[in-house]
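Dear colleague,

Here is the structure I promised to pass on to you, with the sequence alongside.

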Amino acid sequence: MNTRKTNLYDKIKNLGSAIFFNLSDAVLKLQTSIVKIIHVDEFGYLWFFVQKPPQHINEFEKEFPVRLDFFRKGMDYSLQVLGKGSIVNDPEEILLVTSQIEETRTYDPDRMILIKVKINRVDCFENITSQKSSWFQNAISTLQSWLFPHTPSYGPVTYYPGISEAS
């Protein structure tokens, strides 16, 4: 695994939790919730649990588009992950994941369902701090805006983990 992916996965692990959005157009879909990432594997999957809905799980789509918004106060970055989510209901796969990861020891199949998300795109945002700048930093910033007026001042760095460095 290359260092760029490793750095990205470390950032996800450091933030730890995210807001989970199911972007499906289906009538019946998993609700928006705060999730704790329990595992990030080398294949680009994020694993976490969501609260089991009152409806029967087979009524939901097996695969659906997902957005995860990662933010933690005090960190100098935030992430937005887009990908394809899947409900994991194969008992062997659940057992494999829950037996290898310490945080899953409290897994209750009557209250939770396991979700895995294949990462397609990650936008990394630098958080704007409210620190006061010195007069010198303000002068440099003003000079840069005069010399390069069309450069964006704020925007994400986008990663596509599924695309190799050679392509």
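Asp 90 is partly exposed, with a relative accessible area of 37%, where buried stands for under 20% relative accessible area, exposed for over 50%, and partly exposed for what lies in between, computed with a 1.4 Å probe on protein chains only. Asp 90 sits in the loop between β5 and α2 (91-100), and its C-alpha is 9.9 Å from that of Leu 114, although the two are 24 residues apart in sequence.

Before the rest, please keep in mind that this is a predicted model, in which local features need pLDDT of at least 70 and side-chain atom pairs count only at pLDDT 80 or more, while totals for chains, interfaces and linings use all residues. Residues are numbered from 1 along each chain as its sequence is written, and side-chain values use heavy atoms, with hydrogens and water left out.

On the overall fold, the protein has three helices and seven strands, and along the sequence they follow the pattern α-β-β-β-β-β-α-β-α-β; helices (H or I, at least four residues) and strands (E, at least two) are DSSP runs, numbered from the N terminus. Of the 167 residues, 35% count as buried. Taking contact as heavy atoms within 4.5 Å, 71% of the contacts between residues at least 6 apart in sequence join residues at least 24 apart. The protein exposes about 11200 Å², of which carbon and sulfur atoms supply 53%, the areas coming from the Shrake-Rupley method with a 1.4 Å probe and, for residues, with only the protein chains shown counting as cover.

Two strands are said to pair if DSSP finds at least two bridges between them, and β6 (residues 112-126) pairs in the antiparallel sense with β3 (residues 45-51) over seven bridges, with Gln 51 having Met 112 as its bridge partner in β6. Strand β5 (residues 77-88) also runs antiparallel to β6, joined to it by 12 bridges, and here Gly 85 stands opposite Val 117. With β7 (residues 157-159), β6 forms a further antiparallel pairing over three bridges, in which Asp 123 is partnered by Thr 158 of β7.

Beyond its neighbours within four places in sequence, Asp 123 touches Ser 78, Leu 79, Gln 80, Pro 156, Val 157 and Thr 158.

How many salt bridges does the structure hold? There are three, a salt bridge being a side-chain nitrogen of Lys or Arg within 4 Å of a carboxyl oxygen of Asp or Glu. One of them brings together the side chains of Lys 84 and Glu 63, at 3.6 Å from N to O, and this pair links distant parts of the chain, with Lys 84 in β5 and Glu 63 in β4 (residues 63-70), 21 residues apart. Lys 84 is partly exposed at 41% relative accessible area, and Glu 63 is likewise counted as partly exposed, at 47%. Another salt bridge joins Arg 67 to Asp 69, with the closest N and O atoms 3.2 Å apart, and Arg 67 is partly exposed at 23%. In the remaining one, Arg 121 meets the side chain of Asp 123 at 3.0 Å, N to O; Arg 121 is partly exposed, with a relative accessible area of 29%, whereas Asp 123 counts as buried.

Finally, on the surface, Leu 143, Trp 146, Leu 147 and Phe 148 form a nonpolar patch with about 510 Å² of accessible area together. Patches are made of residues with over 30% relative accessible area and no salt bridge, like charges being joined within 9 Å and nonpolar side chains (Val, Leu, Ile, Met, Phe, Trp, Tyr) within 5 Å. Phe 148, for its part, is located in the loop between α3 (135-147) and β7.
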